[in-house]
Amino acid sequence: SDPLAFSYAAQPMDVTFGAGSISGLRAEVEALGLTRVIVLSTPGQAGLAGEIAAQLGPLVGAIFTKATMHVPIEIVDEAASVVAKVGADGCVAVGGGSTIGLGKALSLRHRIPTVAVPTTYAGSEMTPVWGITENGVKTTGRDRVVLPVKVIYDPELSLALPLGISATSGMNAIAHAVEALWAPDRSPLISLMAEEGVRAIATALPQLKHGADLAGRSNLLYGAWLCGSCLGATTMSLHHKLCHILGGTFNLPHADTHTIVLPYVLEYNAPAAPQAVAALQRALGTDDPVAGLITLRQDWDVPSSLKQLGLTQNDLETAVDAAIASPYANPREVTAEGLRTLLARAWSGALG
Ligand code: NAD
């Protein structure tokens, strides 16, 4: 068989990137023909949402600032009733994956487009994947209607992202790229984007000594765009599956969980994914990409073991059972024994 064989279908992507690019938002919303948008944010970013709404002026039908992690159905219902009340014809989601997730849920329910203004590095704005949590269970799905129709990446809006969250959010982005490199549906363009995304983030993170470093922020957001695009274009494997199970079952923080687990999954999969390892060696500038990931996060005061997130050893077995219950793509065979070892190492922080 041909080792270069691949299939690749590009997703629609309409992106504007650059410091100050938020000033073009109003023109973009007008160009889309939207006349009455709902501006979305978390409570913590209500101030920014207010500034953006002021810029949009008469195009704003409502501001809704209750976006919450994991997109609870109650919040979706509440926001949806605002959409219906004001007759909103689009969403402008300003924030991280939680806020963009709410925009996607509204796009799904009301068939209205979302314009995304990402302020973290999670990458949700580049994917057609939605998630909604009901009774503690997060349901996810893919639908083209939730893929944001326009994305404005303005690094100035991420200057206020606390350094610890910046580090874990950057590691979350790297995780998308790592899994894209060993995805069953990987392809050359996406692999190039993945390698460049890891390189951008791994270069910028250690240089980000203070929050208000615009050059560093710009590189991180650039990497987040690339890594998010990889997430949207490929099938994720063991790492995302494990983080989804751990996050959903034990309500662990999303980016922290990714940051802790990724080196252990890379350690597990490396023997079966030589092309991913080679790309990561180049991107991280080291022969040992597992150690490279550990070094990257050691600069920061962020959790480095599942134990630190409050998980117990008994919880690990629950996670193993859940992970074995539904099969999914992975370059290396996933066995209960292998998972037990992997999770025990991530739990104790064996790699440091
Ligand atoms: P988040 O959106 O929950 O943001 C974390 C916190 O940081 C929030 O309190 C937010 O208000 C604050 N914040 C965000 N930007 C800020 C800024 N610039 N300055 C100051 N504070 C800021 O976290 P996240 O990691 O971006 O997103 C995680 C969620 O996104 C998870 O629920 C995850 O499942 C989802 N996600 C979905 C996809 C997808 O494709 N559907 C992809 C990635 C992540």
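**Strands, a ligand shell and a capped helix**

Visitor: Which strands pair in the antiparallel sense, and over how many bridges?

Guide: In this predicted model, strand β6, covering residues 129-134, pairs with strand β7, residues 137-142, in the antiparallel sense, and six bridges link the two. One of the bridge pairs joins W130 to G141 in β7.

Visitor: And what sits between β6 and β7?

Guide: There are two residues between β6 and β7, which form a hairpin, and N135 in the turn has a positive phi of about 50 degrees.

Visitor: What about the open sheet, what's the strand order there?

Guide: The open sheet is formed by six strands, ordered β1-β8-β5-β4-β2-β3, with parallel pairing. At its edges stand β1 (15-17) and β3 (60-64), and each has a single partner strand, so one side of each is left without a neighbour in the sheet. Direction ignored, neighbouring strands of this sheet are turned by 15 degrees against each other on average.

Visitor: How many bridges join β5 to β8?

Guide: Strand β5 (residues 114-118) and strand β8 (residues 150-153) run parallel and are joined by two bridges; on the β8 side, K150 is the bridge partner of V115.

Visitor: Switching to the ligand, which residues come nearest?

Guide: Around the ligand there are 20 residues, of which T42, S98, T119, T120 and T127 come nearest. By type, the shell divides into twelve polar, six nonpolar and two charged residues. Helix α4, residues 97-110, gives the most to this shell, contributing three residues.

Visitor: What are the distances from the ligand oxygens to the side chains of T42, S98 and K138?

Guide: For T42, an N or O atom of the side chain is 2.6 Å from an oxygen atom of the ligand, and for S98 a polar side-chain atom lies 2.6 Å from a ligand oxygen. In the case of K138, the separation between a side-chain N or O atom and an oxygen atom of the ligand is 3.0 Å. As for cover, the ligand on its own has 860 Å² of accessible area, and the protein covers 81% of that.

Visitor: Last one, what caps the N-terminal end of α7?

Guide: The cap is D213, with a side-chain oxygen 3.3 Å from the backbone nitrogen of A215. Helix α7 itself has 20 residues, 214-233, and from its first C-alpha to its last reaches 28 Å, close to the 28 Å expected at 1.5 Å a residue.

Key
Residues numbered from 1 in each chain as written. Predicted model: local features only at pLDDT ≥ 70, side-chain atom pairs only at ≥ 80, totals over all residues. Heavy atoms only, no water. Helix = DSSP H or I, 4+ residues; strand = E, 2+ residues; numbered from the N terminus. Expected span 1.5 Å × (residues − 1). Polar contact = N/O pair within 3.5 Å; in protein donor to acceptor, adjacent residues only side chain to side chain. Near = heavy atom within 4 Å. Areas by Shrake-Rupley, 256 points an atom, 1.4 Å probe, with all protein chains shown as cover. Nonpolar A, V, L, I, M, F, W, Y, C, P; charged D, E, K, R; others polar. Pairing = 2+ DSSP bridges. Axes fitted to C-alpha atoms, helices over the stretch in contact; angles between N-to-C directions.
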